[in-house]
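Please look over the structure below with its charged side chains in mind. The briefing that follows takes them up pair by pair.

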Amino acid sequence: MKLIALVEQLASGLEAAGVAFGHGTTNAFDEAAWLALWKLGLPLDQLDEHAERDLEPGEEQAVRALLQERIASRKPAAYLTREAWLQGVPFYVDERAIVPRSFIAELLADGSIDPWLSDATHRVLDLCTGNGSLAVLAAMAYPEVEVDGADISPEALEVARINVDRHALGGRIRLLQSDGLAALPGPYDLILCNPPYVNAGSMAALPAEYRAEPGLALAGGADGMDFVRALLRDAPARMSEDAVLVLEIGNERAHFEDAFPQLETVWLETSAGEDQVLLLTRDALVIWTG
């Protein structure tokens, strides 16, 4: 069987099984291609180059077994491959940390945050760092800064350490355990945060693939804003005078605006639109908290 034919067949199987996507792919074909190429040891962006390759029976069997595991386990594909990609950068991931997929990664790569930064931007915090991917991308984007990656989960920080070491950034990224900002005195010039923000109703309806991730990294309370309330209250004391906070809130913009109606907010454009990621200046937070 040719590779492309197998991928198409397996994509149909994923669709028929009703698996959920969103951990690196958005549809059955891309997911089937990802798993097939990974299992065959081929570059994940070279399906077209290898589409007409004739597979050995053993190769076909191995790919089919992996796809069957995907269906049976309902685990995100990244947990099966132990790898996820953000902005073309590979990261190790396993069940100790959420699968990285933050839109903040786009903003680091395309420079959208840069107008709010300056030569005085020296200290960056990636709060709720998970597997450390945003900390790594921030260190890559801003070679002159020092980055703290913080998380409440010691298990997630173990995964983050793998990625910091993998990208040889141990000299510039410090990993810290902290419940929110409690153990982080600052001051920081830039805070990045992709926190737990899923509201209780949405948590109850999550597909199995999302329930396979640490609930601590997802659940944000009744309206999804529990962690965010504490963060916005505590952040000004940890921010330098001209610092900014870049916060991802997913599909919770309505809940955010209901919770913080008087807060001056800048919404940033991502591939998912203008309602996923926001920016807050320290001045805006001081006015709001005052």
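Which residues are linked with Arg70 in a network of salt bridges? Glu31 and Glu209 are linked with Arg70 in that network. A salt bridge here is a side-chain nitrogen of Lys or Arg within 4 Å of a carboxyl oxygen of Asp or Glu, and a search of the whole structure finds 18 of them. This is a predicted model, in which local features need pLDDT of at least 70 and side-chain atom pairs count only at pLDDT 80 or more, while totals for chains, interfaces and linings use all residues. Residues are numbered from 1 along each chain as its sequence is written, and side-chain values use heavy atoms, with hydrogens and water left out.

**Glu59 and Arg53**
- Glu59 forms a salt bridge with Arg53, and their closest N and O atoms are 2.4 Å apart.
- Glu59 is partly exposed at 21% relative accessibility, where buried means under 20% relative accessible area, exposed over 50%, and partly exposed in between (1.4 Å probe, protein chains only).
- Arg53 also counts as partly exposed, with a value of 28%.

**Asp94 and Arg96**
- The side chains of Asp94 and Arg96 meet in a salt bridge, at 2.8 Å from N to O.
- Asp94 counts as buried because its relative accessibility is 5%, whereas Arg96, at 30%, is partly exposed.

**Glu95 and Lys75**
- A salt bridge of 3.2 Å, N to O, joins the side chains of Glu95 and Lys75.
- Glu95 is partly exposed at 28% relative accessibility, and Lys75 is partly exposed at 31%.
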